[in-house]
Amino acid sequence: MSSQKATISDRIQEKLDALTRAERQLALSILENYPASGLGPLASLAKDAQVSVPTVARMVQKLGYKGYPDFQAELREELRAKAKDPIAKHDTWAEAAPSEHLLNRFTDAVIDNIRLTLGQINPEEFDRACALIADQSNHLFVVGGRITHTLAEYFFMHMQVIRSNLTHVQSTSNTWPHYLLNAQEGDVFVIFDVRRYENNTLKLAEMAHARGARIILFTDQWRSPVHHLADVSLSCRIIVPSAWDSSATTMLLVETMIAAVQDLNWDETKERMEALEVMFDQTKLFRKFT
C-alpha cells in the first residue's frame, strides 16, 4: 500500500464492511461530500446522514478516534496538507476560463478522484488482477451494465487483440445466463458495476462464483455488493460536479490494465497485432495517406 499516512477516507473504506447498517449509511454520507461533510457540528452531520447522534459517536470511535473533536482535528489537518499540494485547488486548468468555471471545477474533481483512488489501491492486488487476465489457459468474460457497458466494450475490444479465449457479456441482456453455460472453474470474470448497482450483475456474479470462476471488479468508492465475491476489487472515486458520475478514474485504471496485460503477453500480442493489420489492409477498413 501507499507509504503515506492513511486518510479518514482510507479508514472508512477499510472499516466499511464491519459497520452496522446505520453506521454504513453515515460513512457513505461522509464519503459523498468528503471532506466538507465532516467539518460541521456533530448534530448536523447526523441530520444530513439521517442517523442518530450516538451513531456518529460510535462510528468515529470505530475509526480509531477518541471522539468527534479528534476526528475533526485530523480532517482539518488533511485539508491543510492538501492546501500545500503543488496542484492547488485554485489553479486554473483552462487559462482562458475563470477558476470557478465548470471546466476547472470538473477537472479539479477528476484530479482529486484520481489521487484518492490511487492512494487506496494496492499495487500487488492490481498486478494480481492483470496476471489473472493475461492467463489464457482460462476463459475471460467481460461484463458491463447499463452505463458501464461502454467501459466493458472498450476493455473487451483491446483484450480481443491481446489474447484469445474471451467473451463479452452484457448483464442488461436477457441472454446472459446462456454465457454461464460455458463458464468453468478458474475462468475469470471482469465485472463493471457502479451505483446504481444492478441486480442482474449481482446475480450473474453469484452464479459465476458458484461455478468456481474468479472475479475482478471495477466499482466505485461505495463498492458494489459484488465486491463480497470478488478476488480483486478496484474501487474508483466517481463524484464530480454533475448529475452524472464520472468514469474518468475507472478509464485510467482500465487503460493501465490494458497496457500491463499487453506487456505480460507481448510476444503473442505483437503477432496478433501484425495479423490484424494485414486484415485491415485487406478489407480497406482505414484510409491510407501514403
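Q: How many salt bridges does a search of the whole structure find?
A: In this predicted model, the search finds eight salt bridges.

Q: What makes the contact of Arg128 and Glu125 a salt bridge?
A: A side-chain nitrogen of Lys or Arg must lie within 4 Å of a carboxyl oxygen of Asp or Glu. The N to O distance between Arg128 and Glu125 is 3.3 Å, so the pair meets the rule. Both residues belong to helix 7 (residues 123–134), three residues apart, which is about one turn of the helix.

Q: Why is Arg128 called partly exposed?
A: Buried means under 20% relative accessible area and exposed means over 50%, with partly exposed in between. Arg128 has a relative accessibility of 35%, so the label is partly exposed. Glu125, at 30%, is also partly exposed.

Q: Why is the contact of Asp245 with Arg195 called a salt bridge?
A: The closest N and O atoms of Asp245 and Arg195 are 2.9 Å apart, which is within 4 Å, and therefore the contact is a salt bridge.

Q: Why does the pair of Asp245 and Arg195 tie together parts that are apart in sequence?
A: Asp245 lies in the loop between strand 5 (232–236) and helix 11 (248–264), whereas Arg195 lies in the loop between strand 3 and helix 10 (199–210), so the pair ties together parts that are 50 residues apart in sequence.

Q: How many aromatic pairs are counted, by the rule that ring centres lie within 6.5 Å?
A: The count comes to five aromatic pairs.

Q: Why is the pair of Tyr65 and Phe71 called edge-to-face?
A: The ring centres of Tyr65 and Phe71 are 5.7 Å apart, within the limit of 6.5 Å, and the planes stand at 85°, over 60 degrees, so the pair is edge-to-face.

Q: How do you know whether Phe71 is buried or exposed?
A: Phe71 has a relative accessible area of 1%, which is under 20%, so Phe71 is buried. Tyr65, with 6%, is buried by that rule.

Q: What makes the pair of Phe192 and Phe218 stacked?
A: The planes of Phe192 and Phe218 are 5° apart, under 30 degrees, and the centres are 4.8 Å apart, so the pair counts as stacked. Phe192 lies in strand 3 (residues 188–192) and Phe218 in strand 4 (residues 214–220), so the pair ties together parts that are 26 residues apart in sequence.

Note on methods. Residues numbered from 1 in each chain as written. Predicted model: local features only at pLDDT ≥ 70, side-chain atom pairs only at ≥ 80, totals over all residues. Heavy atoms only, no water. Phe/Tyr/Trp six-rings, centres within 6.5 Å; stacked < 30°, edge-to-face > 60°. Buried < 20%, exposed > 50% of the residue type's maximum accessible area, 1.4 Å probe, protein only. Helix = DSSP H or I, 4+ residues; strand = E, 2+ residues; numbered from the N terminus.
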